Amino acid sequence: MNSYLSIVPKYLSAHKKRSRLAIISVAISVALVTGVFSMLDALLKFEKIQIIHDYGNFHIAIENASEEEMQLIRSRVEVQNSGLWMDFGKALINGRECELGALDQNFAPDMNVELTQGRYPTGKNELMLEQWAMKDLGLKVNDRVNLSAGNGTAKEFVISGVYMDSGSTKAAGVPGVLLSVSGAKELTNPEKNYYLVLFKDRVNIMKAEAEIKKELNIPDDRVEHNDQLLAVIGQSTNKTAVGIYQTGAILFCMVLIAGVMMIYNTFNISVMERIRQFGLLRCIGASRSQIIKMVKREGLVITAKAIPIGLIAGIL
């Protein structure tokens with residue numbers, strides 16, 4: 001019985017139908033488990049994309065950050081991107097009510113501000129307007145407009161660029177107007193002033209936030225969170241994504257139990273049908289441990305073929 005394990009591939013070749021059935025059973029079980037996780041992963045990715053579209057791609061926002069605080073945060077190794085967002089509330093552009101704000105150019109893509117024409121405002125007398133508002137107001141790039149802030153301050157600006165429509169402002173019929181940060185500071189004081197911070201992937205955000213607050217002595221009431229985004233990436237106590245994880249866990253348990261039962265029954269039937277063969281092997285000198293090793297080797301051969309098939313099928 002020195003080469004008893006060589007019997008396994010010969011047996012599988014001689015009983016092709018039974019071997020194929022075992023491979024198919026294992027592949028289906030693997031495909032079901034993989035499929036559940038693939039669907040859950042796709043659902044979480046979709047949820048993340050939707051949240052970024054609705055709320056922006058940032059993790060924390062620090063209210064009224066000083067220049068020193070912004071510089072220190074920007075220089076931290078775990079920070080991927082950061083930028084200043086200024087909200088001025090209601091204003092008037094050529095007598096039409098609008099939503100006025102200012103945003104650092106480097107952070108514009110993370111806040112879903114996509115330039116479609118012209119360029120981002122950089123000068124103190126430049127602004128950017130939404131596409132639908134440009135058509136509605138009969139304006140084009142390089143036109144001059146009068147902008148009146150909430151405190152009554154009025155100033156003439158040049159339209160330097162056009163950006164993609166925002167669903168909320170378009171639905172309300174109130175144009176969104178963006179200034180350069182330097183131009184906004186000279187116009188009026190903002191209602192809200194936040195320094196938005198986006199951390200790198202695989203950073204422990206709660207730990208990094210605690211270190212920033214401790215190092216810069218920032219109180220908790222000055223820090224706000226993008227709770228929806230933090231929840232969907234699993235770095236928040238917010239319950240937004242709990243339903244998705246619970247659904248995935250329930251489906252996984254159901255599929256796992258069904259898969260284990262299917263694989264167990266397949267191998268159990270195969271072993272029970274070969275009791276006489278194992279008895280003959282014991283008669284010619286095979287030990288109990290050698291029989292067990294043969295069954296294990298057979299299982300490894302089958303799973304080695306079935307798992308890649310199941311993974312590919314599950315992903316598809």
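Student: Starting with Asp136, how does it count by relative accessibility?

Tutor: Asp136 counts as partly exposed, at 46% relative accessibility. The cut-offs, with a 1.4 Å probe and protein chains only, are under 20% relative accessible area for buried, over 50% for exposed, and partly exposed in between. Accessible areas here come from the Shrake-Rupley method, and for residues only the protein chains shown count as cover.

Student: OK, and what am I looking at, overall?

Tutor: This is a predicted model, where local features need pLDDT of at least 70 and side-chain atom pairs count only at pLDDT 80 or more, while totals for chains, interfaces and linings use all residues. Residues are numbered from 1 along each chain as its sequence is written, and side-chain values use heavy atoms, with hydrogens and water left out.

Student: Back to Asp136, then. Which residue does Asp136 form a salt bridge with?

Tutor: Arg96, and their closest N and O atoms are 2.7 Å apart. Asp136 sits in helix H4 (residues 131-137) and Arg96 in strand S3, 40 residues apart, and the pair links distant parts of the chain. Arg96 is partly exposed too, at 25%. By salt bridge I mean a side-chain nitrogen of Lys or Arg within 4 Å of a carboxyl oxygen of Asp or Glu. Helices (H or I, at least four residues) and strands (E, at least two) are DSSP runs, numbered from the N terminus.

Student: Why do such side chains pair up at all?

Tutor: Side chains of opposite charge can pair when their charged atoms come close.

Student: How many salt bridges are there by this rule?

Tutor: The count comes to 13. One of them joins Arg76 and Glu215, with the closest N and O atoms 2.7 Å apart. Arg76 lies in the loop between helix H3 (67-74) and strand S2 (79-93) and Glu215 in helix H7, so this pair ties together parts that are 139 residues apart in sequence.

Student: Is Arg76 buried or exposed?

Tutor: Arg76 counts as buried, because its relative accessibility is 16%.

Student: What about Asp165, which side chain does it meet in a salt bridge?

Tutor: Asp165 meets Lys170, at 3.5 Å from N to O. Both ends are partly exposed: Asp165 has a relative accessible area of 28%, and Lys170 comes in at 44%. As for networks, salt bridges that share partners join Arg76, Glu78, Glu211 and Glu215 into one.

Student: New topic! Which residues make a nonpolar surface patch?

Tutor: Ile24, Ile28 and Leu32 make one of about 250 Å². Patch residues have over 30% relative accessible area and no salt bridge; like charges are joined within 9 Å, and nonpolar side chains (Val, Leu, Ile, Met, Phe, Trp, Tyr) within 5 Å. Ile24 is in helix H2 (residues 16-55) and is partly exposed, at 47%.

Student: And Tyr245, what does it touch?

Tutor: Leaving out residues up to four places away in sequence, Tyr245 touches Leu44, Ala231, Val232 and Gly234. A contact means heavy atoms within 4.5 Å.

Student: Last one: what is the phi of Asn217?

Tutor: Asn217 has a positive phi of about 55°, although it is not a glycine. Asn217 is in the loop between helix H7 (205-216) and strand S10 (223-225), and counts as exposed at 66%. Asn112 also has a positive phi, near 65°, and is found in the loop between strand S3 (96-103) and strand S4 (115-118).

Terms used
Areas by Shrake-Rupley, 256 points an atom, 1.4 Å probe, with all protein chains shown as cover.
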